[in-house]
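Subject: The structure, and what turned up in it

Hi,

Here is the structure I promised to hand over. Please have it open while you read the notes below.

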Amino acid sequence: MMWTIKFSPEADIDISKLDRSLVLQVLAEIKKVRSNPLPHPNGYGKPLGNKAGNNLTGFFKIKYRG
């Protein structure tokens, strides 16, 4: 099962500011996470949950290091 990826308007702006080679790397990692975003040990994502009045249950955080 592939998950749907949606970018916020802010994320679109941030991505547009990146160098093309870095954009390709980030999108490749997002594609990898899309295949299995569930939490470690089986996946790559970290559940966000409900924090500071923002209900992000069902969404996952990913970090790019590089």
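Start with lysine 61. Lysine 61 is partly exposed, because its relative accessibility is 34%. The cut-offs are these: buried is under 20% relative accessible area, exposed is over 50%, and partly exposed lies in between, with a 1.4 Å probe and protein chains only. Lysine 61 sits in strand β2.

Before going on, two notes on the source. This is a predicted model, in which local features need pLDDT of at least 70 and side-chain atom pairs count only at pLDDT 80 or more, while totals for chains, interfaces and linings use all residues. Residues are numbered from 1 along each chain as its sequence is written, and side-chain values use heavy atoms, with hydrogens and water left out.

Now the overall layout. The protein has 2 helices and 2 strands. From the N terminus, their order is α-α-β-β. Helices (H or I, at least four residues) and strands (E, at least two) are DSSP runs, numbered from the N terminus. Along the principal axes, the C-alpha atoms fill a box of roughly 35 × 30 × 20 Å. Of the 66 residues, 11% count as buried.

Next, the strands. Strand β1 covers residues 46-51 and strand β2 covers residues 54-61. The two run antiparallel, and 5 bridges join them. Strands pair if DSSP finds at least two bridges between them. Lysine 51 has asparagine 54 in β2 as its bridge partner. Asparagine 50 has asparagine 55 in β2 as its partner.

Together β1 and β2 form a hairpin, with 2 residues between them. Look at alanine 52, in the loop between β1 and β2. Its phi is positive, about 50°, although alanine 52 is not a glycine. Is alanine 52 buried or exposed? Alanine 52 counts as exposed, because its relative accessible area is 79%.

Now the surface. Lys46, Lys51, Lys61 and Lys63 form a positive patch. Patches take residues with over 30% relative accessible area and no salt bridge; like charges are joined within 9 Å, and nonpolar side chains (Val, Leu, Ile, Met, Phe, Trp, Tyr) within 5 Å. Lys and Arg count as positive, Asp and Glu as negative; His and the chain ends are not counted. A charge is placed at NZ of Lys, CZ of Arg, CG of Asp or CD of Glu.

There is also a nonpolar surface patch. Ile5, Phe7 and Leu27 form it, with about 240 Å² of accessible area together. Accessible areas come from the Shrake-Rupley method with a 1.4 Å probe; for residues, only the protein chains shown count as cover. Leucine 27 lies in helix α2, residues 20-35. At 37% relative accessible area, leucine 27 is partly exposed.

How many salt bridges are there? The count comes to 1 salt bridge. The rule asks for a side-chain nitrogen of Lys or Arg within 4 Å of a carboxyl oxygen of Asp or Glu. Lysine 32 and glutamate 29 form the bridge, and their closest N and O atoms are 3.2 Å apart. About one helical turn separates lysine 32 and glutamate 29, because they are 3 residues apart in helix α2. Lysine 32 is partly exposed at 35% relative accessible area. Glutamate 29 is partly exposed too, at 33%.

Leucine 38 is partly exposed at 37% relative accessible area. Proline 39 is partly exposed at 32%. Leucine 38 and lysine 61 are 23 residues apart in sequence and 9.9 Å apart in space, C-alpha to C-alpha. Proline 39 and aspartate 12 are 27 residues apart along the chain, and their C-alpha atoms are separated by 25 Å.

Best wishes
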